[in-house]
Amino acid sequence: MGSRAKTLVAGVVLILAAIVVAGGIALGPGLLAGSEPADNESADQSQELTTVHGVIGSEKESLFADPEAKEIFARYGLDVQVTTSGSWAMAERAGIEQEDFASPSSEVAAAHLTDVHGDAVLSTTRPFYSPLAIATGSTVLDVLAANGLAEQRDGVWYLDMAAYLDAVANGRRWTDLAGSEAYPSSRNVMITSTDVRSSNSALMYLSLASYVLNGNAVVTSEDAAREQAMASLARLFLDQGYSQSSSAGPWESFLSKGPMNQPLTLIYESQYLEAQMNEPTRVTDEMRICYPDPTIFSDHVVVAFSEAGQRVQDVLDNDPDMARVIARHGFRVNGANSGAFSEQISQAGLTGYAADGTFIDAAQAPSYEVADAMLQTIEALY
Amino acid sequence: MNAPVTRRRWLAVLLALGCALGGAVALSACGGGEPAASEPQGQPAGEDPGSEPAVDVSGATLHVLAGSEVKDMLPILEDAEDELGISVELEYMGTLDGTEAVMAGEGDYDATWFPSNAYMSLFDEKSSLVSQETSIMRTPVVLGVKAERAAELGWDEQSPTWAEVVDAAESGEFAYGMSSPVSSNSGFSTLVELATALSGTGAAITADDVTAVAADLTRFAQGQALASGSSGWLMEAYDKDASAVDGVFNYESLILQDENLVEVIPQDGVITADYPLTLLAGRGEDAGAAYRALVDYLRRDDVQRRIADETFRRTDATTADDAVEAFEIPFPNRLETVRALLSSWVSDVRKPANMVFQIDTSGSMEGARLDALKAALVSLTDTGADGATSLLTFQPRETVHFVEFASEVKSEKDLEVAADGDLSEVRSYVEGLSTAGNTAIYGTLQHSLELAAQSRSGDNVTSVVLFSDGENTDWPSIVEFSSWYEATPEVQGIPVYAILFGEASRTEMEQLAELTGGRVFDAADGDLTAAFKEIRGYL
């Protein structure tokens, strides 16, 4: 669907929403209540929307701003207002427990939040998730495949993380690889990520690399974490030079400059999918999505601080229409509506995506304390 | 964009109806007191649903410190102002200077709009001083080569490596123009591209790499034949007289606007400017709302298209297929690396400046004016300054000739800055200046140019800085001066940079700049120190 078409659809949805609301007002609460999915609370919902405030990771901004998502929340009497924040920084954000909910984009960031504000947390849910992925290009993948760094299975590309980390440790350049005439860059083979000091996606990448370098096992001691950070993890970030602070940055650069400019760009799978479904012209024929093998999941956690926050959790967890909107923004849905993701993918005719359940090997993130020890070691080296 | 506008009207009608019928209903569109129908009709809903205009920002003013090349966005910004009802006030400064000013908490700005925040990211203060940043448009710093020269060098068919560019610069095959790395982001990016590629490590450069590549940088500097304090003026100077150079290092967006230049992207790669519009922390809700409204406007589909069409930058409306392919060079992530690189460039590598400062100490300079002049000149000797400012002082290997004048030349002072950079001698000379006499600009300027011509060589960058606070009072006039200039080939090609101050004649100073390939710097508002610092980028 073209972007213009999407605007039109969004417009129609808004008009319909307005008709429903205006009609409900004109005809009185009784009639509108009958059309509500949730039953007993709906009498006052039609009269007044409860404003709910939340803090979310920036990769979910377009989901919460989606007119259809707003309309679905309105059906439950909710007007959800969000501000964005780095997931890791949420725990330290002043007044976070005064919000109705927070939605960081990883389990470890959520754990950090619960650690600091345990008393204020009413409940925690995980309505959807997204694996970490790499935005790249067909030419680049062919060169990597010829050197045993990547392979394609069932139409899906995977980057062998152990082989990749070995290449980084040896300082291999693209021009050192067989067949590099197709991609003759004199730069090191290196994934472009965000700044690990500020961004969740880079923290996930750090967790993944730590797990793989430790023989596919989670590092559990802080001393081991510091040693590993110093010996091998720091290089993954320091050698990149300047990196951007939020995950939208490298992704936008990739979209506008392409895989020749930025051969391996760390993203959330949802970013690639969202662009393919909503801005298809920006994803060129050369571009490909590839999964690190093993990969690691970014769990979108919703931490509720109030009853209203729990109502938001409920809609995100259970409403089938909301599941469809979530999937349209590229996220994989947990729970009863998990089929929404593959429906959206096949409706859009997209290929190259790993189906649910095909991630045999997923890395686990270390504990908050271990992750913090790694981060502090790397920060000291900047 | 008809459909969304129509849709909005419908929506407005429906919502207005809702308001009228349901008096007690608290819909946001009613609560604001302004029905949605009164919004300007030209405001289509954004493609990004996040850009639905939610907050009324009209009347807000956004003070923005910007890089000078953002000037080409003024027509688009004016339309944004009209549509959003906000006022955007731009003030211009070089990226490095401006970044340091903001990081030091100077100035009263709501936002910055430099070509890049890479330099800003090297400061620990950034995380507490910046609230939000959004990239608006992108353009890499590339090489623009005259078409016939590119063909002769074979660079139109096969891009050179940076090492080949250096060889060509050293051998005289490739003479180039480049803006000052200390003043301008494009010159700075060129230097980082070059140093990183030559270091050959495949990763971001470190301070050690800077030492290792110094010899190659010196070879590269041999080819510089045109200097500038800003990327915009570099193109102007090139357009005016392209004879001295074979090409220029500049933004792709500017190279593409000149049909005689071929874009050459060295094989090892380039650095891309991404123009992040950046909200500074603690500027209040109105500024925050105005910032977000402006970002939403600039990122809207139709506006991104317009930016791409009108400024030749890459935006969300262009795809990777539209772009010339280039590898991206990593930007260093430590401040000391960048400072080491810049300091090596100005004090050891680049061709040293050979400057004649012609200084007016006529009677009208008495008092505050003379004090301001002394302060400005002393600022160029401030070896205690830190950051980029310290690189604007006179540097080792540079030569400075002072020509003090009024009715005639009153005093002269020659100085070669020693390796230790000691400038105390300059300071005591400047502090001893005193006023008396008329203002014989052109007679003494002939002398200054002859002096400059005598010390000019292929190994230095020679120029004359003319400072006067009044109109010329004595013979010769600018007419006789011009005839003399046309008839004196040995002084041609030496630019005269004139500072406009006091009662100096703007018309004559502009004529002079035009004649000599120089530039006029406006210090009519009285800030002489800023003007002298700006000029340093050109010397």
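A word on the ground rules before we set off. Since the model is predicted, local features need pLDDT of at least 70, side-chain atom pairs count only at pLDDT 80 or more, and totals for chains, interfaces and linings use all residues. Residues are numbered from 1 along each chain as its sequence is written, while chains are lettered from A and ligands numbered from 1 in the order in which they are written.

Let's begin with chain A. There are 16 helices and 10 strands here; helices (H or I, at least four residues) and strands (E, at least two) are DSSP runs, numbered from the N terminus. Of the 382 residues of chain A, 55% count as buried. A residue is called buried if 20 or more other C-beta atoms lie within 10 Å of its own, exposed if 12 or fewer, and partly exposed in between, with C-beta atoms placed from the backbone. Contacts come up a lot below: two residues are in contact if their C-beta atoms, placed from the backbone, lie within 7 Å. Among the contacts in chain A with a separation of 6 or more, 74% are between residues 24 or more positions apart.

Chain A is split into domain 1 (3–127 + 300–347) and domain 2 (132–297 + 359–381), with bounds that come from an automatic or database domain assignment. Where the two domains meet, 20 residues of domain 1 of chain A are in contact with 20 residues of domain 2 of chain A. On the domain 1 side, helix 1 (3–27) and helix 6 (107–117) of chain A are the elements that give two or more residues. Helix 6 of chain A has the largest share, with 6 residues. By class, this side of domain 1 has 5 nonpolar, 10 polar and 5 charged residues. For these classes, Ala, Val, Leu, Ile, Met, Phe, Trp, Tyr, Cys and Pro count as nonpolar, Asp, Glu, Lys and Arg as charged, and the others, Gly among them, as polar.

One more stop in chain A is helix 14 (residues 320–328), where the buried residues include A:Met322, A:Val325 and A:Ile326. Just after helix 14, A:Gly330 takes a positive phi of about 90°.

Now for chain B, which has 20 helices and 17 strands. Of its 539 residues, 52% count as buried. Chain B is divided into domain 1 (2–39), domain 2 (61–135 + 277–318), domain 3 (139–272) and domain 4 (351–536). Taken over C-alpha atoms, the centres of domain 2 and domain 3 of chain B are separated by 27 Å. Their contact takes 14 residues from domain 2 and 13 residues from domain 3. Helix 4 (residues 95–103) of chain B gives the largest share of the domain 2 side, 3 residues.

Next come the sheets. An open sheet of 5 strands in chain B has the order 2-1-3-11-4, with mixed pairing; two strands pair if DSSP finds at least two bridges between them. At its edges are strand 2 (87–92) and strand 4 (130–135) of chain B, each pairing on one side only. Strand 4 is joined by 5 bridges to strand 11 (residues 276–280) of chain B, and the two run antiparallel. Look for B:Glu133, which stands opposite B:Thr278 in strand 11.

Another open sheet of chain B has 6 strands in the order 14-13-12-15-16-17, also with mixed pairing. Its edge strands are strand 14 (409–416) and strand 17 (519–522) of chain B. Inside this sheet, 7 bridges join strand 12 (residues 353–360) to strand 13 (residues 399–405) of chain B, and these run parallel. In strand 13, B:Val403 is the bridge partner of B:Gln358.

To finish, find helix 15 (residues 368–379) and helix 20 (residues 528–536) of chain B, which pack at an angle of about 35° with their axes 8 Å apart. Axes are lines fitted to C-alpha atoms, for helices over the stretch in contact, and angles run from 0 to 180 degrees between N-to-C directions. Among the residues that meet here are B:Ala372 and B:Leu373 in helix 15 and B:Leu528 and B:Phe532 in helix 20. The residues of this contact divide into 7 nonpolar, 2 polar and 1 charged.
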